[in-house]
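I opened the notebook to look up how this chain is built.

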Amino acid sequence: WGPSLMAEVLVSKFAYALPFDRQRRMNLQRFGVDLPVSTMCDVQKNCAEQFDILVRMMKEESLSDDYLRMDETHHLYLDRALDGGSRNGYYWVVRRNNGDVIFIWKTGRDGEDIEDWLVNGNVEGVLQADGYAVYPRAVRRLVAQGRKVHLAACMAHIRRKFHDALAQNPLLVGWFIKQIGKLYEIEAELRENRAPPE
């Protein structure tokens, strides 16, 4: 088992949703090679243990960055307790300035452990997130510890609130939406010119 075969097995399973038993049949049919399902399971387990070390290091490094972006998004998962039924879980997505992205999986949205993770880290600088209660609570706790942390709102969420109010006062609200559009133009120009985060 070399790294290429391990990558092939894992990518086939997780990126292309090919279960190990199907991969086994495909390899047997195409190449005449029998890769037992139990061996593929062992490879997955061993790789996961190694990846866990890497992910823990990435999480620790993220907490020392001076600008973090966070958001959570729901994703259905199968829950054996529901006898094959599904429920909503959440990926908490953390992005650093250097481009690293971490996905933290949680079965609920209460976010207490995410809040604790932020507070117990070395977070200082800017945390950009939407208005979900976990983020301002974490920032308040960090500031109470003497940390210099600021919560930056997400412009897309701010714009959405103006868009919802457009019918109530089209002239005033329309002006704000145009101003936000100008910010988006500046952002697009910066992105085109590959401006650094600063």
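Entry 1, contacts. I noted that the model is a predicted one. I looked at contacts in the protein chain between residues with a separation of 6 or more, and 46% of them join residues 24 or more positions apart.

I looked up the radius of gyration of the protein chain and found 22 Å, whereas a compact globule of 198 residues would have one near 16 Å. Along the principal axes, the C-alpha atoms fill a box of roughly 70 × 45 × 40 Å.

The protein chain exposes about 13,700 Å², and 54% of that comes from carbon and sulfur atoms. I also looked up the charged side chains: 27 are positive and 28 are negative, with the centres of the two sets 3 Å apart.

I listed seven helices and five strands in the protein chain. Read from the N terminus, their order is α-α-α-β-β-β-α-β-α-β-α-α.

Which strands pair with β1? I found that β1 (residues 67-79) runs antiparallel to β2 (residues 85-96), with twelve bridges joining them. β1 also pairs with β4 (residues 125-129), in the parallel sense and over three bridges. I then looked up leucine 68: arginine 96 in β2 stands opposite leucine 68, and leucine 127 in β4 is a bridge partner of leucine 68.

Notes
Residues are numbered from 1 along each chain as its sequence is written. This is a predicted model: local features need pLDDT of at least 70, side-chain atom pairs count only at pLDDT 80 or more; totals for chains, interfaces and linings use all residues. Side-chain values use heavy atoms; hydrogens and water are left out. Helices (H or I, at least four residues) and strands (E, at least two) are DSSP runs, numbered from the N terminus. The radius of gyration is taken over C-alpha atoms; the globule rule is 2.2 Å times the number of residues to the power 0.38. Contact means heavy atoms within 4.5 Å. Accessible areas come from the Shrake-Rupley method with a 1.4 Å probe; for residues, only the protein chains shown count as cover. Lys and Arg count as positive and Asp and Glu as negative; His and the chain ends are not counted. The place of a charge is taken as NZ of Lys, CZ of Arg, CG of Asp or CD of Glu. Two strands pair if DSSP finds at least two bridges between them.
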